[in-house]
Amino acid sequence: MTALPLTFACGLYDRMLALYTGDVKPDGIDLNFLALDNPREIFDRMTNRLEFDVCEMSSSEYVSRFAVNRRFVSAPKDLAGNRIGVPLYTQTAALFIRGSMQHDLGIDLSGIEWVQGAVNEPGSYGHPSLMPLLKPTQITPNKTGRSLSDLLETGEIAAIIGSNLPRALNRHPDVVRLFPDYRAREHDYFRRTRIFPIMHLIVIRNDLYDRHPFVATSLYRAFGAAKDWAWQKMRFSGTLRYMLPWLPADIDEVDELFGGDCWPYGIEPNRPTLEALVTYMAEQGLIAEKIPIEKLFVPTYG
């Protein structure tokens, strides 16, 4: 049988490298791996123009679209009622941070004004095709001609949440992390909640899956094999694979905290995180109601 040609757009992560090099090949698929470093570019090209067969995708943007298609700063509390910068209100990282602010820190989100724009450049963050919010939310586009980092530096916003660090963090003495001991706090948070935020998923075009459902199982197995390949390379102690001088200690930490795998694939090992994702999305007005987790994913076999 002729292998099915597929375009797959994704960041060149360590756990995907074996797919890119060809050391791991998905059964029945001729995979054209398009390595793109900017995930926002991948999301925009897929959601606006369906440019890829399969691609990395923002978790929250995927669930938002699934829901629509279904039709059915010295202390954390100082953030309440303030102006906070965010690249995109719908960004998955921002969604999880807001969920933690509300559930773990007891912050009232209702009075916060969200100033939306790129963190370190003027203007917007990418060109996303976004679903309308289902709850009134104060979102102000940053049209000042300056970046969110600049606004933070001048005190025009109280904080920034998201996945990118503002340049002001390294150049202005008053711009600091809210939690300097974030690593210890994240350890504690995971131990208490079992939530390890999932930023991105892999999506497959519906028309492709309807014609070739084997693609889901083939890719799932290949992704797992590629991740195993990356783990084996990283755990080789003869030389350090990455520019991390304490890599062996970091691996020991992963083994102790996560039981050896901080990136488990599949629904069950990720259920607490996925349940938190849809809960926060419903609470924050990105979807109308929680969606059963099993409905979000297609089945794989074997």
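This is a predicted model: local features need pLDDT of at least 70, side-chain atom pairs count only at pLDDT 80 or more; totals for chains, interfaces and linings use all residues.
## Overall form

The protein has 10 helices and 8 strands. Its C-alpha trace spans about 60 × 50 × 35 Å along the principal axes. A compact globule with 302 residues would have a radius of gyration near 19 Å. The protein has 20 Å, which agrees.

Of the 302 residues, 42% count as buried. The accessible surface comes to about 16000 Å². Carbon and sulfur atoms account for 54% of that surface.

## The sheet

An open sheet is formed by 4 strands. Their order is E6-E5-E4-E7, and the pairing is parallel. Strand E6 (139-141) and strand E7 (159-160) stand at the edges. Each has a single partner strand, so one side of each is left without a neighbour in the sheet.

Strand E4 covers residues 83-86, and strand E5 covers residues 113-116. The two run parallel and are joined by 4 bridges. In one of these pairings, glycine 85 has valine 115 in E5 as its bridge partner.

## The nonpolar cores

In soluble globular proteins, nonpolar side chains tend to be buried together. Here the largest nonpolar core has 33 residues. Val63, Ile84, Met101 and Trp114 have the most contacts inside this core. Helix H3 (59-70), E4, helix H4 (92-103) and helix H10 (271-283) each supply at least two of its residues. H10 gives the most, with 7 residues.

What does tryptophan 114 touch, leaving aside its neighbours within four places in sequence? Its contacts include Ile84, Val86, Tyr89, Arg98 and Met101. Tryptophan 114 is also in contact with Thr137, Gln138, Ile139, Thr140 and Ile161.

## Two residues with positive phi

Leucine 50 has a positive phi of about 50°, although it is not a glycine. Leucine 50 lies in the loop between helix H2 (39-49) and strand E3 (54-58). Its relative accessibility is 47%, so leucine 50 counts as partly exposed.

Arginine 194 is not a glycine either, yet it has a positive phi of about 60°. Where does arginine 194 lie? Arginine 194 is in the loop between helix H6 (182-193) and strand E8 (200-204). At 41% relative accessibility, arginine 194 counts as partly exposed.

Note on methods:
Residues are numbered from 1 along each chain as its sequence is written. Side-chain values use heavy atoms; hydrogens and water are left out. Two strands pair if DSSP finds at least two bridges between them. Buried means under 20% relative accessible area, exposed over 50%, partly exposed in between (1.4 Å probe, protein chains only). A nonpolar core is a set of buried Ala, Val, Leu, Ile, Met, Phe, Trp, Tyr and Cys residues joined through side-chain atoms within 4.5 Å. Contact means heavy atoms within 4.5 Å. The radius of gyration is taken over C-alpha atoms; the globule rule is 2.2 Å times the number of residues to the power 0.38. Accessible areas come from the Shrake-Rupley method with a 1.4 Å probe; for residues, only the protein chains shown count as cover.
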